[in-house]
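Please go through the sequence and the 3D structure below.

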Amino acid sequence: MDIDRFLHFETMIGCAAKSIQRLKALRMDAFHLSAAHTSCLTALLRAMPEGLTQTGLRHSLGMDRAQVSRVLSGLCERGYVCCDGFGYNRPYRLTKDGLRVSREIDNVIREVLGYVSGSIPPEEIERFYQTFSIITGNLSRAVALYGCSPESSEEQQS
C-alpha cells in the first residue's frame, strides 16, 4: 500500500511540475522571459524595496548559485534589475521597468492561481501547504540520510 501511495505521489508531483512549467512557458512567452526569470522577478517584487541578495534568491527559489547568477545577469542586461555594491551580499532590486513587468507577471500568476485553487476553501489550501512543507522537509532529510555511503548511513543510525 505505501509503495502504491508513493508512486501515486511521485506521478502527481511530476504531472503538477510539468503543468506548471507549461503554464509558465505559455503565459510568460508574452514577456520573452524564461520561467527562472519570472520566478526571480516575482521574488524581487515580494522583497520590495529592500531587494534580495543572490544568496537570498537561491534560498527562496531553490536555484543553484550559477543559475541565479545567469538569471540576474540577464535581467540586468534587460534593464529590469539593478544592484548596489560588489560581491554576493549586494542586494538586487527591480528597476522602474522591472517593477512594471513584475506587476504584470504577478497579475498573470494571480489569475492562474484563482483558476487552479479558486474552488478550494482557504483552510484546505493552508492545510495542504503545511502538510506539503513537512513532506518536502522530510524528503530533504531522506536525501541527506540515504544519499550517504552505506557505511556512513549505518554510523548515523547507531
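**Pockets, helix contacts and backbone**

About 170 Å³ of space lies in the second largest pocket. A pocket here is an open set of points on a 1 Å grid over the protein atoms alone, where a 1.4 Å probe fits and protein lies on both sides within 12 Å along at least five of seven lines; lining residues have an atom within 4 Å of a point. Grid points are joined across faces, edges and corners, and a volume is the space filled by probe spheres set on the points. The model is predicted: local features need pLDDT of at least 70 and side-chain atom pairs count only at pLDDT 80 or more, while totals for chains, interfaces and linings use all residues. Residues are numbered from 1 along each chain as its sequence is written, and side-chain values use heavy atoms, with hydrogens and water left out.

The second largest pocket is lined by Asp2, Arg5, Phe6, Phe9, Ile135 and Leu139. Helices are DSSP runs (H or I, at least four residues), numbered from the N terminus. By class, this lining has four nonpolar, no polar and two charged residues. In this scheme Ala, Val, Leu, Ile, Met, Phe, Trp, Tyr, Cys and Pro count as nonpolar, Asp, Glu, Lys and Arg as charged, and the others, Gly among them, as polar.

The largest pocket has a volume of about 1700 Å³. Its lining comprises 33 residues, and Ala16, Ile20, Leu113, Phe128 and Tyr129 lie nearest its centre. At least two lining residues come from each of helix 1 (2–28), helix 2 (35–46), helix 3 (54–61), helix 5 (96–117) and helix 6 (122–146). Helix 1 again gives the most, with twelve residues. The lining divides into 22 nonpolar, eight polar and three charged residues.

Helix 2 also has contacts with helix 3 and helix 4. The axes of helix 2 and helix 3 come within 11 Å and cross at roughly 110°; axes are lines fitted to C-alpha atoms over the stretch in contact, and angles run from 0 to 180 degrees between N-to-C directions. The two helices are therefore roughly perpendicular to each other, a label for angles of 65 to 115 degrees. In contact (heavy atoms within 4.5 Å) are Ser39, Cys40, Ala43 and Leu44 of helix 2 with Leu57, Ser60 and Leu61 of helix 3. These residues divide into five nonpolar, two polar and no charged.

The axes of helix 2 and helix 4 (residues 65–77) come within 10 Å and cross at roughly 80°. That makes helix 2 roughly perpendicular to helix 4. Here Ala36, His37, Cys40 and Leu41 in helix 2 meet Gln67, Val71, Leu72, Gly74 and Leu75 in helix 4. The contact has six nonpolar, three polar and no charged residues.

Not counting residues up to four places away in sequence, His37 touches Val71, Gly74 and Leu75.

Two loops remain. Most residues other than glycine have a negative phi, and most peptide bonds are trans. His32, in the loop between helix 1 and helix 2, has a positive phi of about 55° although it is not a glycine. His32 is exposed (over 50%), with a relative accessible area of 59%. The peptide bond from Met48 to Pro49 is cis, with omega near 0°, and Pro49 lies in the loop between helix 2 and helix 3.

Definitions and conventions. Parallel < 35°, antiparallel > 145°, perpendicular 65-115°, else oblique. Buried < 20%, exposed > 50% of the residue type's maximum accessible area, 1.4 Å probe, protein only.
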